[in-house]
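Thank you all for coming; please have the sequence and the model open while I talk. I will go through the backbone, then the metal site, then the packing.

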Amino acid sequence: MFFLGHMVWAYVWAVAFAGRRWGKLLVPVVLLLGVMPDVDLLLRGFGVEHHTFMHSFFFWFVLFAPFLAVYRLKSVPYFVAVVQHFAFGDFFVGEVMLFWPFSRAYFGFDTAMVSVFDVALETAGLLLAAGIMYYNGDLKRLLSVDMRNIPMFLPLLALVTSMLVFAVDWPIIPLVAYALSSPLFATIVLAHIVLAIFLAVSTAQGLRRLQ
Ligand SMILES: [Zn+2]
């Protein structure tokens with residue numbers, strides 16, 4: 001799954017688990033946590049393999065244990081934002097070492113990226129997240145002139161970086177060359193542009209408060 005799907009579904013799942021506390025969710029943190037397991041992509045130079053221990057329940061449970069112990073229910077939506085990355089996104093579109101270190105087996109449906117299923121799932125997540133944001137007031141909050149929106153530049157940076165990586169080398173021929181070649185590619189590229197614009201506007205609105 002692309003960063004796009006991981007981010008929008010992180011929001012959907014986090015809101016679902018936040019219950020009545022959704023209004024206090026730190027959205028930039030939720031979006032960033034949604035892509036956090038893919039930090040293993042940056043560690044490949046150190047012998048870390050993608051989709052291995054950083055995509056396991058145990059690894060993140062240990063990291064989150066102090067937060068779960070101190071903040072209890074309040075930290076659950078953030079934990080869910082990370083867990084859905086591999087238990088939902090990469091599980092349906094890919095395969096991951098869910099139960100490392102107890103099992104080194106890969107679990108998942110191993111659907112290909114930019115398959116009909118993948119694009120449908122990611123686009124559905126984007127529309128669902130947008131709908132929830134509209135109805136629960138987060139959209140208004142995230143597009144208002146408020147300094148608390150400045151940290152939205154962090155998920156923006158992560159998304160744009162992933163777009164550049166995929167644009168220049170995925171898998172061999174640049175994604176940009178494919179962008180208009182099929183409805184699937186065009187849809188996933190358009191979805192990326194929509195999310196990037198939203199994050200950029202939110203950040204800009206936050207920065208306006210500084211003037
Ligand atoms: Zn991943």
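V114 is buried, with a relative accessible area of 9%, where buried stands for under 20% relative accessible area, exposed for over 50%, and partly exposed for anything in between, computed with a 1.4 Å probe on protein chains only. V114 sits in the loop between α4 and α5, and its phi is near 65°, a positive value in a residue other than glycine. Before I go on, please keep in mind that this is a predicted model, in which local features need pLDDT of at least 70 and side-chain atom pairs count only at pLDDT 80 or more, while totals for chains, interfaces and linings use all residues. Residues are numbered from 1 along each chain as its sequence is written, and side-chain values use heavy atoms, with hydrogens and water left out.

H51 also has a positive phi, near 70°, and is likewise a residue other than glycine. H51 belongs to the loop between α2 and α3, and with a relative accessible area of 15% it is buried. The loop between α4 and α5 holds P101, and the peptide bond that joins W100 and P101 is cis, with omega about 0°. I point these out because most residues other than glycine have a negative phi, and most peptide bonds are trans.

Now the fold as a whole. The protein chain has nine helices and zero strands, where helices (H or I, at least four residues) and strands (E, at least two) are DSSP runs numbered from the N terminus. For 211 residues a compact globule would have a radius of gyration near 17 Å, and the protein chain, at 17 Å, agrees with that; the radius is taken over C-alpha atoms, and the globule rule is 2.2 Å times the number of residues to the power 0.38. The C-alpha trace spans about 50 × 45 × 30 Å along its principal axes, and buried residues make up 44% of the 211 residues. If we take the contacts with a separation of 6 or more, 70% of them are between residues 24 or more positions apart, a contact being heavy atoms within 4.5 Å.

Which residues coordinate the zinc ion? The donors are D38 (OD), H55 (NE2), H85 (NE2) and D90 (OD), at 2.0 to 2.2 Å. Donors here are N, O and S atoms within 2.8 Å of the metal (3.2 Å for Na, K and Ca), and water is not among the atoms, so sites may look incomplete. In sequence the donor residues are spaced D-x16-H-x29-H-x4-D. H55 lies in the loop between α2 and α3 and D90 in helix α4, so this pair ties together parts that are 35 residues apart in sequence. Both H55 and D90 are buried.

Turning to the packing, the largest nonpolar core has 53 residues, and those with the most contacts inside it are W60, F64, L159, L195 and L199. By nonpolar core I mean a set of buried Ala, Val, Leu, Ile, Met, Phe, Trp, Tyr and Cys residues joined through side-chain atoms within 4.5 Å. The elements that give two or more residues to this core are α1 (3–18), α2, α3, α4, α5, α7 (153–168) and α9 (183–208), and the largest share, eleven residues, comes from α1. Leaving out residues up to four places away in sequence, L199 touches L31, M152, P155, L156 and L159.

Finally, the rings. There are 19 aromatic pairs in the structure, a pair being rings of Phe, Tyr and Trp (its six-membered ring) with centres within 6.5 Å, where planes under 30 degrees apart count as stacked, over 60 as edge-to-face and the rest as tilted. F53 and W100 form a tilted pair, 5.4 Å centre to centre with 45° between the planes. This pair links distant parts of the chain, with F53 in the loop between α2 (27–35) and α3 (57–71) and W100 in the loop between α4 (76–92) and α5 (116–136), 47 residues apart. F53 counts as partly exposed at 25% relative accessibility. F99 and F107 make an edge-to-face pair, 5.1 Å centre to centre with 85° between the planes; F99 is partly exposed at 38%, and F107 is partly exposed at 31%. Elsewhere, ring pairs link W9, W13, F17, F88, F91, F92, F109 and F117 into a cluster.
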